[in-house]
Amino acid sequence: MFKINSEYTKLPENYLFSNIAKKVNAFSMANPDKKIIRLGIGDVTQPIAPKIIDSLHKAVDEMGEASTFKGYAPDLGYEFLRSAAAQTDYRDRGCDISDDEIFISDGAKCDSGNIQEIFDRDNKIAICDPVYPVYLDSNVMAGRAGNFNEKTCMFDNVIYMPCLMENGFAPQIPDKTPDIIYLCFPNNPTGATITKKELQKWVDYANEKGSVIIYDAAYEAYISNSDVPHSIYECEGARNCAIELHSFSKNAGFTGLRLGYTVVPKDIKAGGTTLHALWARRHATKYNGAPYIVQRAGAAVYTEEGQRQIKAQVSYYMENARIILEGLKSAGYSVSGGVDAPYIWLKTPDKMTSWEFFDMLLNECNVVGTPGSGFGPSGEGYFRLTAFGSRENTLEAMDRIKNRLSAF
Ligand code: MLT
C-alpha cells in the first residue's frame, strides 16, 4: 500500500491565493451584476511591451523554419539570456556575478519552492512573519518545519521573525541561529525595503554563522531610492552566503509567459561541495529549460528599447501605488509600503481581523485584497493591496473605499 507524504497534511487545505479565488468566485456567482475589482494577487494587467512582443513573434517564426528550429533548451538556460542578465542586472551595477552563475527557469515562484531541495532536512529555516507563503509551505512539504501549533499558528521548528509596525516591518536578527534565512526586499507582502547598510548586517551575520540567505529580489525594479540595494550582491561577502531569486513577472509583465532565474555563486560551499554544483545537478535532472521563445522574450527585456519600455510600465504601476497610498491615507487608514514596492500594507480599522476586512471590502466595495493573516500570524490585523491593477480600476477602487469605508 502506498503512503503519502504526510507532511502535506500539516499545510492549510488551500494555498492562500487559491482560497481567495474560491471566495471571490462564490461572491461573483451570487452577485453577477457587481463589478469586482481585483487588487489581491500581485498579477500584472498591462500588455507585454512591444519590443518583447516583437521578439516573441520572431522566435515563433524561427521555430517554423528548419534552419532555425530549436528543440530542448539547454537545461541551465541559453547563453544569450544568461549573459544579458549577468551583465545588466549585476556587472553593470558593480556586482561580481558570472554568466554561468545564472540559472534560467520558468519563474521565481518555482525556484523559491524548489531551492530548499538542495539542503539537508535538518536545516533550521528563518522566515519573516508575514511572509510570501511559498518559502514556508515548501519547507513544510519537505518535513523541515516541524508541527503546526494551532494556538500560535506557527510551525514549531521554524524561526519566525516578526515584521510589525513597531519595527518598521523589518526583521531583526533572531535569537536562535538559523541555517537558512529567507529575505525578500522590496518585501512581499508589506512593501517594506531595506537599506544597503542594513542588508550588509544580514550578510555579515550569515557569513559569521555559516548560514545561507535566500534573497528574493522579485520586486527590485520598483526601487527608486538610491540607498535601497537592487541585489544582495551589492553587499560585501554576499557571494559566500547568498542565493538570489529574480523574476521577469513583475518587472516585465511575464506572469503569464513564465520566466525567472536564480543566482548561485560558486563561492558558497559546504565541505568540498558547492551549492552551484547541486543546483546545476537538480536543474539538469528535473528541468528541461524554459521555452526558447520565452527566453528570447526575456533577452528583449535587456535591450535599450526593452529597458525603456519596461521602465515606463513600472512607472505606471508605481503611480497606482501612489494613488492607493494617498487615497487610503486621506480615508484615515494607517498605511505603509508602496514607495519602492508595488504593495501597499494597511492596518485594518476598528481592530477588525484581516479576513473580516476582506469580507467587508468584498461585500461593501466589491474590491478584492489579500488578508495579512494569510501571510503569517504577524500579518493579522493587516491587509495588502496591489498596485498591479489598471489605472481605471485603481481609481475606481479608491473612490469606492473612500466613499464607503472611510476609517475615520
Ligand atoms: C503575490 O500576490 O504575492 C504574488 O503575485 C504571488 C507570486 O508571485 O507568486
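**Salt bridges and a buried Glu**

Q: Where do Arg 322 and Glu 319 lie?
A: Both lie in helix H10 (residues 304–330). They are three residues apart, about one turn of the helix. Helices here are DSSP runs of H or I, at least four residues, and strands are runs of E, at least two, numbered from the N terminus.

Q: What is this model, and how is it numbered?
A: It is a predicted model, where local features need pLDDT of at least 70, side-chain atom pairs count only at pLDDT 80 or more, and totals for chains, interfaces and linings use all residues. Residues are numbered from 1 along each chain as its sequence is written, and side-chain values use heavy atoms, leaving out hydrogens and water.

Q: What does Arg 322 form with Glu 319?
A: A salt bridge, with the closest N and O atoms 2.7 Å apart. That term means a side-chain nitrogen of Lys or Arg within 4 Å of a carboxyl oxygen of Asp or Glu.

Q: How many salt bridges by this rule?
A: The count is 19. One of them joins Glu 396 and Lys 35 at 3.0 Å, N to O. Glu 396 is in helix H12 (residues 391–404), and Lys 35 is in the loop between H1 and strand S1 (37–38), 361 residues apart.

Q: New topic: is Glu 7 buried or exposed?
A: Glu 7 is buried, because its relative accessible area is 13%. Buried means under 20%, exposed over 50%, partly exposed in between (1.4 Å probe, protein chains only).

Q: Where is Glu 7 found?
A: In the segment before helix H1 (16–30).
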